[in-house]
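Reader: Hi! I'm new to reading structures, could you walk me through one?
Author: Happy to, let's bring it up.

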Amino acid sequence: MKTTGELLQKYERKDLESMLLNNFKVALKNPVFEQLVGKLKLSREELSKYTTVLEDCSKEYAHCLQCKNLLECKNEIEGHAYLPEVKNGKLRFGYKPCKFMLKYQKENEHLKYVYTLEEPSEIEMAKFSEIDLKDTTRLPIITYLTEFITSYRETKEGKGLYLHGSFGAGKTYLISATFHELAKDKVGSAILFWPEYLNELKASFGTSDFKEKMDKAKKAKLLLIDDIGAENTTSWSRDDVLCPILQHRMEERLPTFFTSNFTLEQLENHLAMSSSGYEVVKAKRIIERMKQLATPVELTSKNLRN
């Protein structure tokens, strides 16, 4: 025979189960809630234990039903919804990416193959298909880059560009878009804003990170040294950093690109001036390596940053 305490526990449990079931039935009056739980292959009694959490899920689910793109996302985590699912007969909850997030991830999966250092978001997301073709001064360069993409896909080799010219003409964007196009073929590349790269390299001197940072520039399948000439020249940055990088890439025939506001002649003068004095021979040595790696081309265009 059951004790009085056991009988009370039994009735209290039944009362609780009844209350939970009633709350669940009330929640079912919300059509979105009903639609969400209707997909779950569990009894009402089991689902009623999670009514509050399921109601929270139904709010995010409702947002998804009305959403048209990622920019409209109203959920706590953009592009995701907190939703229930049944695993091994148990109800589990977790964040799931929506169809717009899945599409975004698929379209941008290649970005993981492009390493960028201190570049704006437009450079990190550059697309070859979005290059402006209206400015005819850029067409020869676009043609060169298009041919480079085709050739590289076939031979895994090619000569880069030393792209110099007016400020804000889109030099970095054009080359970055080229790298992103080849990233779709899982070609790894590095885009290094040269002044900041030197600062980071100097800060890591004497640590294990130093070699890793040097190798990033030396061994990348494709490399863009962005805005060379904007740095303060030192013997160390020229002879111990830039020279070994260019030498390695020359020996391994790794395509290398450069952008600068200087012509090669102006850059040679810039590289010759250091704290050690005016070192013409060492600067010429750098320029000769750059000529082996890249074809100099001038880009004069309107300032696209305005």
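Reader: Which residues does His164 touch, not counting residues up to four places away in sequence?
Author: This is a predicted model. In it, His164 touches Lys171, Ser260, Phe262, Thr263, Val297, Glu298 and Leu299, leaving out residues up to four places away in sequence.

Reader: Where is His164 found, in which strand? And is His164 buried or exposed?
Author: His164 is found in strand β4, residues 160-165. His164 has a relative accessible area of 10%, and under 20% counts as buried, so His164 is buried.

Reader: Nice. New topic: at what angle do helix α7 and helix α8 pack?
Author: Helix α7 (residues 139-155) and helix α8 (residues 171-183) pack at about 25°, and their axes are 10 Å apart. Angles under 35 degrees count as roughly parallel, so α7 is roughly parallel to α8.

Reader: What makes the contact between α7 and α8?
Author: From α7, the residues include Ile141, Leu145 and Phe148, and from α8 they include Leu174, Ile175 and Leu182. By class, this contact of α7 with α8 has 9 nonpolar, 1 polar and 2 charged residues.

Reader: How many residues are in the largest nonpolar core?
Author: The largest nonpolar core has 31 residues, and Trp194, Tyr197, Ile228 and Met290 have the most contacts inside it. Among the elements that each supply at least two residues of this core are β5 (189-193), α9 (194-203) and α13 (280-293).

Reader: Which residues does a second, separate core include?
Author: A second, separate core of 27 residues includes Ile123, Tyr152, Ala169 and Ile191.

How values were computed
Residues numbered from 1 in each chain as written. Predicted model: local features only at pLDDT ≥ 70, side-chain atom pairs only at ≥ 80, totals over all residues. Heavy atoms only, no water. Axes fitted to C-alpha atoms, helices over the stretch in contact; angles between N-to-C directions. Helix = DSSP H or I, 4+ residues; strand = E, 2+ residues; numbered from the N terminus. Parallel < 35°, antiparallel > 145°, perpendicular 65-115°, else oblique. Contact = heavy atoms within 4.5 Å. Nonpolar A, V, L, I, M, F, W, Y, C, P; charged D, E, K, R; others polar. Buried < 20%, exposed > 50% of the residue type's maximum accessible area, 1.4 Å probe, protein only. Core = buried A, V, L, I, M, F, W, Y, C linked by side-chain atoms within 4.5 Å.
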